[in-house]
Amino acid sequence: MVKPKKSAKSRKTSPRKKTSKQKKTGLWTRFFIKLSILFIVISAIYIVYLDRIVVNQFEGKRWALPAHVYANPVELYQGLAMNTQQFESLLTDLSYQHSRQLTTTGSYYRSGGVYTVKTRPFNFWDGSEVSKTIKVKFNQHGIRAITDKATGKELALLRLDPVKVGSFYPSHKEDRLLVKLEDVPKTLIDGLIAIEDRDFYQHVGVSAKSILRAFWINVKAGQVVQGGSTLTQQLVKNFYLTSERSLWRKIKEALMALLLESHYEKNEILEAYLNEVFLGQDGDRSINGFGMASLFYFNKPLIELKPHHVALLVGLVKGPSYYDPRRSPARAVERRNLVLDEMTRLGVLPERQASIAKGFGVDISPFKQVRSSRFPALLDLVKRQISLDYQEEDIRTEGLNIFSTLDYTIQTTAERLFKKQLESLNKRYGIEKGKLQGAMVITRRESGEIVAIIGDRNPQYSGFNRALDAIRPIGSLVKPAVYLTALSQPSLYNLTSTIDDSAINLKQQSGELWSPQNYDKVEHGQVPLHLALAQSYNLATVRLGMQLKVANVKRTLEKLGVRREIKPYPSLLLGSLALSPFEVAQIYQTLAGEGFYSQLRSIQSVTSSEHAALQRYPLSVQAVVNPSAVYLLNTALQNVMYEGTGRSAYQYLPREYKLAGKTGTTDDLRDSWFAGFSGDYLAVVWLGLDDNKPSKLTGATGALNVWSTVMAAVSKQGVQLTQPEDVEYNWADPSGYRANEFCTNAVQYPFIRGSAPTELSPCVSEVSRTLERASRWFDGLLNGR
Amino acid sequence: MKIQLIAIVVVGITLSACADLSMYNQTPAPVRGSADDTRYPSSQSSTAAKTYPMEEHPSVNEDTRFKPAETIENTQNPAVVALLDSAYQQREQGQLDIAISKLERAVRISPRDASIWHQMAQIRHQQGLYETSLSLAKKSNLLAESNKALQQQNWSLMAKNYQKLGQSKAAQQAQLNAARLY
């Protein structure tokens, strides 16, 4: 393609060379000839060079496309516990518009308890959802039925399009949605050509006629109505050149326009123009191309636009900020009407349609697309996780679609409550204004998918992401690992085993003496294991941990999911180990998953800009600790919530939720932690000050308060624990002797088979003893068979 | 014990008959055993044989601490059935990753449905991911609680995985466990 151009040039010039050679042979002439040849050669080389640029950039990847991150799509189904208010707010989050006519995809109306919704089509990793008009019926429990309006059939399931939660932009922050020519309304093309370049289909890239005409029209109108550059020139200017205004640049622009036209079809050039043109600014994001502009201004795909929308966009080409329909609606409407008139005058829009179009106001959607910094902590996490598989350059320019695990409703609810609670705690505890900081991570209990993540007291601030980067001592949050280590040895420990909660002195690595204390500075003597955990007794835990050996506790922590180096010092037993809230969530995920480790994930899948399936980040589980020991531990963690340090949670949540969790507080109240789960979600909260000064909050007064408030709003299910086959319930008295239901103070505890106490409690009467013996004999008889 | 077994079978059959008469006229998902998978709360009693009456005495301890959880009856949501169905079809067409993706959607809706986890384990086995399949089958088995038929399928699958992983002893044991549930 490059060659013919060059030869055409040389063919034109060579005859001239020959004639001049024949006429004169003077020195000057020779010099002039040489100079001309030099000039021609240089020009030719330059043109070849420009040609290269034109072709290479046009053929290659034309635009750096930002990656878009989506929340997990909402699936609607019969029986889903969602009320009309929540449904309506979901539709708002998805920027669905209220419209009786359902003229556009992404619109709905309500009549009584029935919503009629015209859904948007969307391409997911595992297939696409087409647009459907559906009826969603509600009753007092939630969704009663979903029917397809076209077929009248009930739908078992309906996946809505996902909320876009952010983007990774190229360095210049241009945002665009590529459109194909066939997806562009004809009125838009007609209008654009009418206003910007009437001879587009006739000229060769530059047009003297249009320069003259533009000049004449502008003089006549007394204002600049038309520009003289062709669409091709405009494209070249935006696509290849800087915005510098000089004669040289104009020449270059014209040359490149000619070259572009020589290589490519008009329609290819037009399509490129439609996708390139700058049409607006949203903060530091620039809106490029008509596809994105249509969403940005009207919240509709381009193909659905009406003449009055189209004319407004065409009018914007001249000056997106001067005619900004959000800031200067009157000016934008005036310009739009001018476009409509011009279109009618040229016969591309019937007069009647133009007058209907002129009847509309500015008609801009109140919804703007979500800013890139809306969920900074999540985007940070997604970025880190995806960077393991993709280059930074590709993430910012390949137009990837990243489907995150974020639950939009939970994230926004959690953000709102988190912020509110932090402000109120900040005030209540007399902490210097605005100093109390915090982070929160919420995951799905069974799969480890991150549904919400907050990294700052003001969740929308991007900056230090405490959820991932605040590495703080975890305090008593480590204790479940100590008790799990014990319960994993059923021949030695069960929930009722007694431990000595009395002072202990240990020599540290440095030679110094370490004398831990209980929070209440009291020694409690012989206490059952479950109580020591519920009340978070330090002395009992240290004594237990020393019996178990610190190295074994360290191993348990590693099995549960700690990947950071752990120093096996005795102080580990009280949580000297420093971790981020995210890492803590990973540990508790294994407990919530009943002994199965699931890596915390923020990404489900990735598709290309053309919606081809690229990558999936699947759910995986790994059996890492004995489920029976975890079952015992989890029942003890439920007891922490019923009668231990976590009981204030039940001021917010119903007792049937059977929550399991643990508080954590570090020396001098520097860190306030809570980690725990309900039936559907696991959450970890950390509160403290960035400078590591005391925050005056314990795990219970600070983090648990935030945890409970958020969980009460998002969790819908109580904890169900699966009782493994080798776990049985037996009565035991407070001293850990075997009891029965007639004993006061006796409680049923789970035991791994064979580990229940056999020694009978004094409370068991003689009659019961006989009965008990008989029953055991009978059991033995049965099992023996 | 025999009497109890008979009772369970009777209750099971009754329940499965009821299941056929259930409200929605759904085609049973081919991926799961039809009536076998119905969970019957009554089967809980088989593990806790009490030889003295418990209900005659007012409970001394009112609180629910450490009490074993009552089995909550778990009927499969039509949305989950639809996803299992669709996953089955994808699997038949050899689109295993898409099938997994559908199953993950089902897990999001019904995270403790053991049959979904079992299906995932099956597909992972088919893909040659034996370690993953093994863990998924174990998870399914834990969640299956009283569903003997599903537990039996899980043990068989675990046996196959152990075999592939060259752990023949564990494979034998798993096979034995499966056989015991017949």
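## Strand pairing, helix packing and a chain contact

In strand S11 of chain A, Phe168(A) is the bridge partner of Ala67(A). The model described here is predicted, and local features need pLDDT of at least 70, side-chain atom pairs count only at pLDDT 80 or more, while totals for chains, interfaces and linings use all residues. Residues are numbered from 1 along each chain as its sequence is written, and chains are lettered from A and ligands numbered from 1 in the order in which they are written.

Strand S1 (residues 67-70) of chain A pairs with S11(A) in the antiparallel sense over 4 bridges, where pairing requires that DSSP finds at least two bridges between the strands. Helices (H or I, at least four residues) and strands (E, at least two) are DSSP runs, numbered from the N terminus. S11(A) spans residues 164-168, and because 4 of its 5 residues are buried, the strand is largely enclosed by the rest of the structure. A residue is called buried if 20 or more other C-beta atoms, placed from the backbone, lie within 10 Å of its own, exposed if 12 or fewer do, and partly exposed in between.

Trp707(A), which belongs to helix H23 (residues 699-714) of chain A, is also buried, with 29 other C-beta atoms within 10 Å. Leaving aside neighbours within four places in sequence, Trp707(A) is in contact with Phe674(A), Gly676(A), Ala683(A) and Val685(A), contact meaning that the C-beta atoms of two residues, placed from the backbone, lie within 7 Å. The C-alpha atoms of Trp707(A) and Ala414(A) are separated by 9.4 Å, although these residues are 293 residues apart along the chain.

Two helices of chain A, H2 (residues 27-59) and H7 (residues 247-263), have axes that come within 10 Å and cross at roughly 60 degrees. That angle makes H2(A) oblique to H7(A); angles under 35 degrees count as roughly parallel, over 145 as roughly antiparallel, 65 to 115 as roughly perpendicular and the rest as oblique. The residues that make this contact are listed by helix.

| Helix | Residues in the contact |
|---|---|
| H2(A) | Ile47(A), Leu50(A), Asp51(A), Val54(A), Val55(A), Phe58(A) |
| H7(A) | Leu255(A), Met256(A), Leu259(A), Leu260(A), His263(A) |

Between chains, the contact takes 42 residues from chain A and 39 residues from chain B. On the side of chain A that touches chain B, helix H24(A) gives the most, with 5 residues.

Note on methods: Axes fitted to C-alpha atoms, helices over the stretch in contact; angles between N-to-C directions.
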